[in-house]
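Open the model in your viewer and keep the sequence panel beside it. The stops below are given in the order in which to select them.

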Amino acid sequence: MTFRLLIAASFASVGCISAQDLVTVFLDFDHPPSGISFAEMKREAATVIAAAGLAVEWKPLPETQGVETFSRLAVLRFRGRCDSERRLEKYSGGDVLGLTNLDGNRVLPFGEILCDAVREWLAAPAGAFGYAQRAQVYGRALGRVVAHELYHIFGNTLLHDLAGIAKATQSGADLRSRRARLEAPAAQRLRGNVNGARRGFFHAPSNPAVY
Ligand SMILES: [Zn+2]
């Protein structure tokens with residue numbers, strides 16, 4: 001049976017790693033973000049994950065041939081509308097911002113980012129921004145949710161921490177703040193799994209519909 005590990009909205013570094021290991025992340029959008037948001041999302045997620053000594057390679061899932069192999073692979077599907085410029089009806093889907101699929105206690109390399117929930121969570125304060133700044137803030141928030149799910153996937157861990165990107169719940173202020181980081185315990189957990197647990201290669205998914 002497949003379970004899901006959630007990152008929810010809430011009301012309320014490790015240094016000296018020289019060698020970077022490459023992780024490949026396939027992206028699939030129901031509705032793609034703007035160029036500004038997309039660039040900012042990738043920059044923010046890569047910056048956070050770099051604290052564990054990982055470099056991220058991004059690939060569009062629809063373009064995969066299903067024959068490539070990768071040593072470390074994740075697939076993220078982005079649900080809903082991922083553009084910040086569009087003013088939508090109030091989102092009523094709940095407080096979950098992202099999730100990672102589980103098989104028992106084993107973390108599967110499949111995650112989902114709920115774009116409408118992230119936008120709604122930022123909507124009121126971000127509404128005061130101009131287009132470019134709003135797109136940037138939204139992209140950065142998406143990047144933090146992405147980094148949280150990649151922490152679970154590449155760390156093969158269900159654990160959460162009390163601070164930083166590995167917190168189970170993120171406030172609007174967390175998502176809007178100028179800087180977010182993977183705190184040392186989470187970075188060490190992630191780094192430890194990458195160093196020790198992974199063997200062999202994963203094949204690229206040949207059917208994007210299989211989750
Ligand atoms: Zn989580």
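A residue is called buried if 20 or more other C-beta atoms lie within 10 Å of its own, exposed if 12 or fewer do, and partly exposed in between, with C-beta atoms placed from the backbone. This is a predicted model, in which local features need pLDDT of at least 70 and side-chain atom pairs count only at pLDDT 80 or more, while totals for chains, interfaces and linings use all residues. Residues are numbered from 1 along each chain as its sequence is written.

Start with the whole chain. Buried residues make up 41% of its 211 residues. Its secondary structure comes to 5 helices and 9 strands, where helices (H or I, at least four residues) and strands (E, at least two) are DSSP runs numbered from the N terminus. Along the sequence the order is β-β-α-β-β-β-β-β-α-α-β-α-α-β.

Next, select residues 131-155, which are helix H3. The end C-alpha atoms of H3 are 35 Å apart, which agrees with the 36 Å that its 25 residues should span at 1.5 Å a residue (the expected span is 1.5 Å times one less than the number of residues). Of the 25 residues of H3, 22 are buried, so this helix is largely enclosed by the rest of the structure.

H1 has 15 residues and reaches 21 Å from its first C-alpha to its last, close to the 21 Å expected.

Colour the contact residues, including Phe38, Met41 and Ala45 of H1 and Ala135, Gly139 and Leu142 of H3. Two residues are in contact if their C-beta atoms, placed from the backbone, lie within 7 Å. The contact of H1 with H3 has 14 nonpolar, 4 polar and 6 charged residues (Ala, Val, Leu, Ile, Met, Phe, Trp, Tyr, Cys and Pro count as nonpolar, Asp, Glu, Lys and Arg as charged, and the others, Gly among them, as polar). Among the buried residues of H1 are Ile36, Glu40 and Val48. The buried residues of H1 pack against H3 and strand S3 (54-60).

Now bring in helix H5, residues 184-196. The axes of H3 and H5 come within 8 Å and cross at roughly 40°, which makes H3 oblique to H5. Tyr151, Phe154 and Gly155 of H3 meet Ala186, Arg189, Leu190, Asn193 and Val194 of H5. By class, this contact has 5 nonpolar, 2 polar and 1 charged residues.

Is Asn156 buried or partly exposed? Asn156 is partly exposed, because 19 other C-beta atoms lie within 10 Å. Then select Arg106: Asn156 and Arg106 are 50 residues apart in sequence, and 7.0 Å apart in space, C-alpha to C-alpha.

Technical notes
Axes are lines fitted to C-alpha atoms, for helices over the stretch in contact, and angles run from 0 to 180 degrees between N-to-C directions. Angles under 35 degrees count as roughly parallel, over 145 as roughly antiparallel, 65 to 115 as roughly perpendicular and the rest as oblique.
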